[in-house]
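Biologist: Please examine the model shown below with me. I shall ask about accessibility, packing, ring pairs and a pocket.

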Amino acid sequence: MLFFVARRLLYLVPVLVAVSLLTFLIASLLPGDLAYVILGDQATPEKVEALRHDMGLDQPVLWRYVSWLGHILQGDFGRSFRTGQTVLQAVTERLPVSLELMLLAEIMGLAIGVPLAIVCAARSGGAFDRFMTGSAFGMLSVPTFLSAILLIYLFAVELRWLPATGYVPFTEDPTGNLRFFVLPALTLALAEWPGIMRVLRSDMIATLQEDYIALAKAKGLTASRILFVHALKPSSLTLITITGINIGRLIGGAVIVETIFALPGIGRLLVGAINTRDLIILQGVVLLVAAGFVLMNFIVDLLYAVLDPRIRHGHA
């Protein structure tokens, strides 16, 4: 197992280097001059040239990347030229909000998708199975922003059960915090459960055809024990992959959802950096988010090895 983990960690190095290079190039090749953006109305040719020299913007792109990467490795992700706040400070303040949103959304998505998948697999081909499969296809076509607007209209405007926008830290008011997160998390969960349900349903239908399931039935085991003990675990490998991939989808959805529901998370930080052309914040946040996504895939690989010993011993 230790060798498996070390080998996977070694694979992460070129991936993270490639991610950092792409992040830097995308931000650096955007139209416009950062020196003009910083100076604003005070921009003169002399001041622009001096600022470009101080920031190293007159250097070749490759040299600027190496210098930027060197600062990153020392923990210096840069500082916003608008607020004076460092990237790490900005991310540290907003990361708990986004993590709570994604965690609640993933829990809701699994709470909806997994039970439905088990029921549909147990009654494959039945009326409920066909209805839920069709509903899942329908939900996949609904954009996140539309779900958010509909949920706000129903639960905040008409029923007035939940607040539409705002945020309260969990440490100040746990109940209020969860009330503000219900609609945003449910918005993301409505986009996640169809994929979870369809993948787990297909895998469980295949698993239920295996010989050891027939043997379990012949022994007189209850249907619930067969489903939850003997069929669910072997069918969960693809589900783990989907859950890991969903992190990227949730990050993308958080950009829209946090803006709609006025949550002070990473998504709103990115949108604000784009609107104000704060490229320092943009580069740092995108790099941290991409690195987090890569690390989540590494954790998924480790979970694979835990669930299936053949993977870590190289037999599958």
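**Reading the predicted model**

Biologist: Which accessibility class does Val66 count in?

Modeller: Val66 has a relative accessibility of 46%. Buried means under 20% relative accessible area and exposed over 50%, with partly exposed in between (1.4 Å probe, protein chains only). Val66 therefore counts as partly exposed.

Biologist: Let me state the conventions. This is a predicted model, in which local features need pLDDT of at least 70 and side-chain atom pairs count only at pLDDT 80 or more, while totals for chains, interfaces and linings use all residues. Residues are numbered from 1 along each chain as its sequence is written, and side-chain values use heavy atoms, with hydrogens and water left out. What separates the C-alpha atoms of Val66 and Phe131?

Modeller: Val66 belongs to helix H4 (residues 61-73), a helix being a DSSP run of H or I with at least four residues, numbered from the N terminus. Along the chain, Val66 and Phe131 are 65 residues apart. Their C-alpha atoms are separated by 55 Å.

Biologist: Which residues does Ring pairing link into a cluster?

Modeller: Rings of Phe, Tyr and Trp (its six-membered ring) pair if their centres lie within 6.5 Å; planes under 30 degrees apart count as stacked, over 60 as edge-to-face and the rest as tilted. Phe24 and Tyr65 form a tilted pair, at 5.8 Å centre to centre and 55 degrees between the planes, which links helix H1 (residues 2-28) to helix H4 across 41 residues. Phe24 and Trp68 have ring centres 5.3 Å apart and planes at 35 degrees, so this pair is also tilted. The cluster linked by ring pairs consists of Phe24, Tyr65 and Trp68.

Biologist: What is the volume of the second largest pocket?

Modeller: A pocket is an open set of points on a 1 Å grid over the protein atoms alone where a 1.4 Å probe fits, with protein on both sides within 12 Å along at least five of seven lines. Points are joined across faces, edges and corners, and the volume is the space filled by probe spheres set on them. For the second largest pocket the volume is about 450 Å³.

Biologist: Of the residues that line the second largest pocket, which are the closest to its centre?

Modeller: Lining residues have an atom within 4 Å of a point. The lining divides into 18 nonpolar, 4 polar and 2 charged residues, where Ala, Val, Leu, Ile, Met, Phe, Trp, Tyr, Cys and Pro count as nonpolar, Asp, Glu, Lys and Arg as charged, and the others, Gly among them, as polar. H5 gives the largest share, 9 residues. For this pocket of about 450 Å³, the closest to the centre among 24 lining residues are Leu95, Leu99, Met102, Ile247 and Ile251.

Definitions and conventions. Helices (H or I, at least four residues) and strands (E, at least two) are DSSP runs, numbered from the N terminus.
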